[in-house]
Amino acid sequence: MAAQTEVKANPNMPNHLETATLDGKNKVLGFWLFLGAETVLFACLFGTYLALRNQTMGGPDGQELFDLKLVAAATAILLTSSLTSVLAMMKMNQLNYKAMQLWLGITVLLGASFLGLEIYEFIHYVHEGHTFMSSAFGSSFYALVGTHGAHVTFGIIWISTLMIQAAKRGITKETAPKLFVSSLYWHFIDVVWVFIFSLVYLLGKVG
Amino acid sequence: MAQQPNTSNHAPSGSSESATKHVLSFLLMIALTVVAFALVMYDIVPTNMILPLILVLATIQVFLQLFTFMHLNQKGTAFYTIFMVTGILIAVVSAVGIILM
């Protein structure tokens with residue numbers, strides 16, 4: 001907290017705290033390279049799913065399984081969390097510690113409720129006979145949506161630990177790049193979900 | 001420190017404007033999502049038109065995310081864009097390759 005008030009008193013704090021130091025600049029640059037690689041990872045999983053989605057081995061297909069109301073709720077939650085994440089970064093650059101932590105906290109809570117919905121959905125599917133082992137459709141579905149869910153889980157843990165660090169050290173030139181990069185990660189998770197709800201759920205309902 | 005001339009560092013100024021911008025692009029994303037869901041739920045267009053339409057809607061939404069929430073519209077982001085565009089190019093080639101295999 002002491003660090004935070006110190007920062008607030010300094011009028012020479014730059015507009016973009018996350019790229020104020022060379023270290024911060026490199027963190028953000030490196031993270032974009034990582035996001036480019038992640039795009040390729042998810043594209044391969046999407047390609048695999050789209051190639052195999054009709055191979056259900058007599059099990060239930062997407063048209064029977066998917067519940068668009070649940071997907072719409074999950075989409076609304078994740079989209080909103082993307083907004084709260086960007087608002088947190090705005091408050092960070094205004095050196096408004098309390099508002100930043102509040103928005104980050106809401107982001108984490110929304111992420112956790114998204115994850116809860118996904119776990120409920122997967123349990124429901126397993127009871128319907130749609131498992132990782134049941135068919136090529138099942139394997140490719142869980143590989144794709146599960147990898148996204150794992151990213152959400154990691155994002156929740158990451159942002160939570162950064163909130164603890166920010167509570168200890170305040171908003172500084174060291175903590176700001178970390179928080180900013182975790183926010184980029186969170187937006188990327190949302191970007192991937194946009195394609196999941198379009199190409200998995202909506203396309204699955206069409207047949 | 002305090003007496004140094006300081007022109008570019010007024011963090012609070014213009015902040016409400018950028019919050020409005022973020023909320024507006026968020027509302028636009030919600031609208032695009034609602035249109036995509038409505039296309040599928042209410043049989044508005046022929047079935048063979050749905051895939052290209054929802055792909056276009058998803059792409060617009062992703063560009064909104066990249067350029068507003070992820071700040072690719074700002075100066076000094078050329079390398080970020082190069083990394084992302086390279087990633088997307090390899091991604092599209094890989095995905096299309098796997099689907100057609």
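**Helices, chains and records**

Colleague: At roughly what angle do the axes of H4(A) and H7(A) cross?
Modeller: The axes of H4(A) and H7(A) come within 10 Å, where an axis is a line fitted to C-alpha atoms, for helices over the stretch in contact, and angles run from 0 to 180 degrees between N-to-C directions. Helices are DSSP runs of H or I with at least four residues, strands are runs of E with at least two, and both are numbered from the N terminus. With these conventions, H4(A) and H7(A) cross at roughly 160°.

Colleague: Which pLDDT is asked of side-chain atom pairs in this predicted model?
Modeller: Residues are numbered from 1 along each chain as its sequence is written, while chains are lettered from A and ligands numbered from 1 in the order in which they are written. Since this is a predicted model, totals for chains, interfaces and linings use all residues, but local features need pLDDT of at least 70 and side-chain atom pairs count only at pLDDT 80 or more.

Colleague: Are H4(A) and H7(A) roughly parallel or roughly antiparallel to each other?
Modeller: Angles under 35 degrees count as roughly parallel, over 145 as roughly antiparallel, 65 to 115 as roughly perpendicular and the rest as oblique. The angle here is roughly 160°. H4(A) and H7(A) are therefore roughly antiparallel.

Colleague: Is the crossing of H4(A) and H7(A) left-handed or right-handed?
Modeller: A crossing is left-handed if the near helix is turned anticlockwise from the far one by less than a right angle, and right-handed if it is turned clockwise. By this rule, the crossing of H4(A) and H7(A) is left-handed.

Colleague: How many residues in the contact of H4(A) with H7(A) are charged?
Modeller: Two residues are in contact if their C-beta atoms, placed from the backbone, lie within 7 Å, and the contact includes A:Leu68, A:Thr75 and A:Met92 of H4(A) as well as A:Trp186, A:Asp190 and A:Lys205 of H7(A). Ala, Val, Leu, Ile, Met, Phe, Trp, Tyr, Cys and Pro count as nonpolar, Asp, Glu, Lys and Arg as charged, and the others, Gly among them, as polar. The contact has 15 nonpolar and five polar residues, and its number of charged residues is two.

Colleague: How far apart are the axes of H2(A) and H6(A)?
Modeller: H2 (residues 22–52) and H6 (residues 136–169) of chain A pack at an angle of about 155°, and the two are therefore roughly antiparallel. H2(A) passes H6(A) in a left-handed crossing, with A:Phe46 and A:Tyr49 of H2(A) and A:Phe137 and A:Leu144 of H6(A) among the residues that make the contact. By class, this contact has nine nonpolar, three polar and no charged residues. The axes of H2(A) and H6(A) are apart by 9 Å.

Colleague: What pattern does chain A follow along the sequence?
Modeller: Chain A has seven helices and zero strands, and its C-alpha trace spans about 65 × 30 × 25 Å along its principal axes. Read along the sequence, the pattern is α-α-α-α-α-α-α.

Colleague: Which helix gives the largest share of the side of chain A that touches chain B?
Modeller: In total, 44 residues of chain A are in contact with 46 residues of chain B. H2, H4 (68–93) and H7 (175–206) of chain A each supply at least two residues of the side that touches chain B, a side with 29 nonpolar, 13 polar and two charged residues. The largest share, 15 residues, comes from H2(A).

Colleague: Is the crossing of H2(A) and H3(B) left-handed or right-handed?
Modeller: H2(A) and H3 (residues 78–100) of chain B pack at an angle of about 15°, with their axes 8 Å apart, which makes H2(A) roughly parallel to H3(B). Their contact has 22 nonpolar, seven polar and no charged residues. The crossing of H2(A) and H3(B) is right-handed.

Colleague: How far apart are the end C-alpha atoms of residues 29–50 of chain A?
Modeller: An unreviewed UniProt entry places "transmembrane region" at several spans of chain A, including residues 29–50; UniProt positions follow the numbering used here, feature names are shortened, and annotations may be inferred rather than shown by experiment. Over residues 29–50 chain A is 100% helix and 0% strand, and the distance between the end C-alpha atoms is 32 Å.
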